[in-house]
Amino acid sequence: MTTSTASESSAATPLLDLQSLVVSVRRRRRLWSAMALLGLLAGAAVAVLMPPPPTAVTKLLVAHEEDQPNDPGTLIRTDVQLLGTTRIAESALHSLKSSEKPEDFMRDYRGAGLTNNLLQITVTGDSDAQAVARAKALADAFVADHVKRVRDTAKAEANALVDQETRMRSELAEVNKQIGDRSPDSDPQASASIESLFARRAELNSRIADFDQRAAEARIGTPNVIAGTQIVDAPRAVRQSLPKAAATDAAIGLVLGLVLGLALAAVGVVVADRPVLRRDIAANLGASVLAELPRRSGRLGRRRRTRATRERLTATLARTVRGSTEPVSLLELGCARSASVIALDLARAMTAEVPVFVVDGLPGPHLANHRPKPGDPTVVSGERAAALPPEERRLGVGSVAPGTAWTDLQYLGTQTVLVVRAGHGSAAWLHTVARQLADQRIPVIGVVLIDPDPRDRTDGTLWDGLHTALRGRSERPSRQNGTGRRRLEREPVWAAQGPDNDQEAR
């Protein structure tokens, strides 16, 4: 049964519970809110302490001989890369008569292709005037370099055509020499060869005329490309607003800090594996959630609801303790103050009928420093509890935090109510608590959940195990089925883990 239950539990439990993850991250809002605020302040501080340098911008219209309507922007990206070369930087520095290294100057400007033929140059400097001068020098240097490259290309093409024409003229001279003064009718026997020479001469004359025309056009170049490359937006200083820059940087810092905080919170939740939902806490401890109490009272309306919930819990526990022949204890995990308050309220409710001694087993001074008021119960330490008469009613208060002496818990009470703070203990430690209490023969009546998530809509009731549940004390046993057998009770999560997993939990 244990093996099958463990397999069913592992199959039903998802690898990552998104609901639990969202709730746990929301509960860590202090972390990601602090990270977002830190990013906001850091962004504003960067804008104030490190203002952007003076900047100038200019725009160039760059014409290309190979321009096509469907060009994906390859040519303008090539121009951007050419702008970032030492040749352009050195030419601009030469016109500025500056001794700065081209490599250092290249870090102060950048180019961006706005369209297929529009290039924007952004330059920084020590002042607005210097930035504008640098932008003008860079624009002129790029235009001059672009025009020079176009003309060099045209000149190289013209020279290649002239070389072809010269070669054709040499071949034509050879053909004319072979023809001489002969004609096709002068020598009937050699008329076929003479006709082929005449045809070759006509072809060479045609090709020479074509090369001559193409060379003349190449010498002219592409005036539309040369004239089309120009500065269309004169260099100007960019006006920078400190409030606008601070607001922009602060917004960016806020978003980055928020994203980083949420990521850290999510990673921390997954790594820590601390159950928050009442469903998970009840399943890991093997006991139902009896009541929920906030850590702080809050507003007036919330104080009234908290007071009413605390009174109902006190009345329920008082009825349980009165009707029990065995001592009951309250064991806390991450909420010693809340457990001490619940214990004192419960003891006050019972003191009217019979004197109650509160046995202080808490590690802190929450009960030790309690100043008794008229009608308050007597608080004794764990050492003095042994001296109390057996017939005296006692209520033990202890802890199941790491470092607990498990064998001493049975002296506080042979049955217990766990007071657990949501999200405090890991799943492995909740398994350890449930198993250790089972080993000590201390049944868990129920769980009081402290600081629950207000949006938690999961069910914290275990619908089996009535022999230990508080609600089962007033209910009849389950009906028998047709076979005459009672239905099998489902084991809690910690009991379905097996001995190996239990050792890991310890």
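Biologist: Why is Arg-441 called exposed rather than buried?

Modeller: This is a predicted model, and everything here is computed from it. Arg-441 has a relative accessible area of 72%. Exposed means over 50%, so Arg-441 counts as exposed at 72%.

Biologist: Where is Arg-441, and what is its phi?

Modeller: Arg-441 sits in the loop between α15 (427–439) and β11 (444–450). Its phi is near 60 degrees, a positive value in a residue other than glycine. That positive phi comes just after α15. Asp-451 also has a phi near 60 degrees, and Asp-451 lies in the loop between β11 and α16 (498–505).

Biologist: What makes the reach of α15 close to what is expected?

Modeller: The helix α15 has 13 residues and reaches 18 Å from its first C-alpha to its last. The expected span is 1.5 Å times one less than the number of residues, and for α15 that comes to 18 Å. The value and the expectation are therefore close.

Biologist: Which residues of α15 are buried?

Modeller: Among them are Ala-427, Trp-429, Leu-430, His-431 and Thr-432. Val-433, Ala-434, Gln-436 and Leu-437 are buried as well.

Biologist: How do you know that Trp-429 is buried?

Modeller: The relative accessible area of Trp-429 is 16%. Buried means under 20%, so Trp-429 qualifies at 16%.

Biologist: Let us turn to the aromatic rings. How many aromatic pairs does a search of the whole structure find?

Modeller: The search finds 2 aromatic pairs. Phe-105 and Tyr-109 form one of them, with 5.1 Å centre to centre and 50 degrees between the planes.

Biologist: Why is the pair of Phe-105 and Tyr-109 called tilted?

Modeller: Planes under 30 degrees apart count as stacked, over 60 as edge-to-face, and the rest as tilted. At 50 degrees, the pair of Phe-105 and Tyr-109 is therefore tilted.

Biologist: Are Phe-105 and Tyr-109 buried or exposed?

Modeller: Phe-105 has 0% relative accessibility and Tyr-109 has 8%. The cut-off for buried is under 20%, so Phe-105 counts as buried, and so does Tyr-109.

Biologist: What makes Trp-406 and Trp-429 an aromatic pair?

Modeller: Their ring centres are 5.9 Å apart, and rings pair if their centres lie within 6.5 Å. The planes are at 45 degrees, so this pair is tilted. The pair links distant parts of the chain: Trp-406 is in the loop between β9 (393–399) and β10 (415–421), and Trp-429 is in helix α15, 23 residues apart. Trp-406 counts as buried because its relative accessibility is 15%, and the cut-off is under 20%.

Biologist: How do you know that Lys-155 is exposed?

Modeller: Lys-155 has 56% relative accessibility. Since exposed means over 50%, Lys-155 counts as exposed. Lys-155 is in helix α7 (residues 128–179). Lys-155 and Ala-215 are 60 residues apart in sequence and 9.1 Å apart in space, C-alpha to C-alpha.

Biologist: Which residues make the nonpolar surface patch?

Modeller: Val-46, Val-48, Leu-49, Met-50 and Leu-242 make a patch of about 520 Å². Helix α3 (residues 29–49) gives the largest share, 3 residues, and Val-48 is in that helix.

Biologist: And the whole chain: how many helices and strands does the chain have?

Modeller: The chain has 16 helices and 11 strands. Of its 506 residues, 37% count as buried.

Methods: Residues numbered from 1 in each chain as written. Predicted model: local features only at pLDDT ≥ 70, side-chain atom pairs only at ≥ 80, totals over all residues. Heavy atoms only, no water. Helix = DSSP H or I, 4+ residues; strand = E, 2+ residues; numbered from the N terminus. Buried < 20%, exposed > 50% of the residue type's maximum accessible area, 1.4 Å probe, protein only. Patch = residues over 30% accessible without salt bridge, like charges linked within 9 Å, V, L, I, M, F, W, Y side chains within 5 Å. Areas by Shrake-Rupley, 256 points an atom, 1.4 Å probe, with all protein chains shown as cover. Salt bridge = Lys/Arg side-chain N within 4 Å of Asp/Glu carboxyl O. Phe/Tyr/Trp six-rings, centres within 6.5 Å; stacked < 30°, edge-to-face > 60°.
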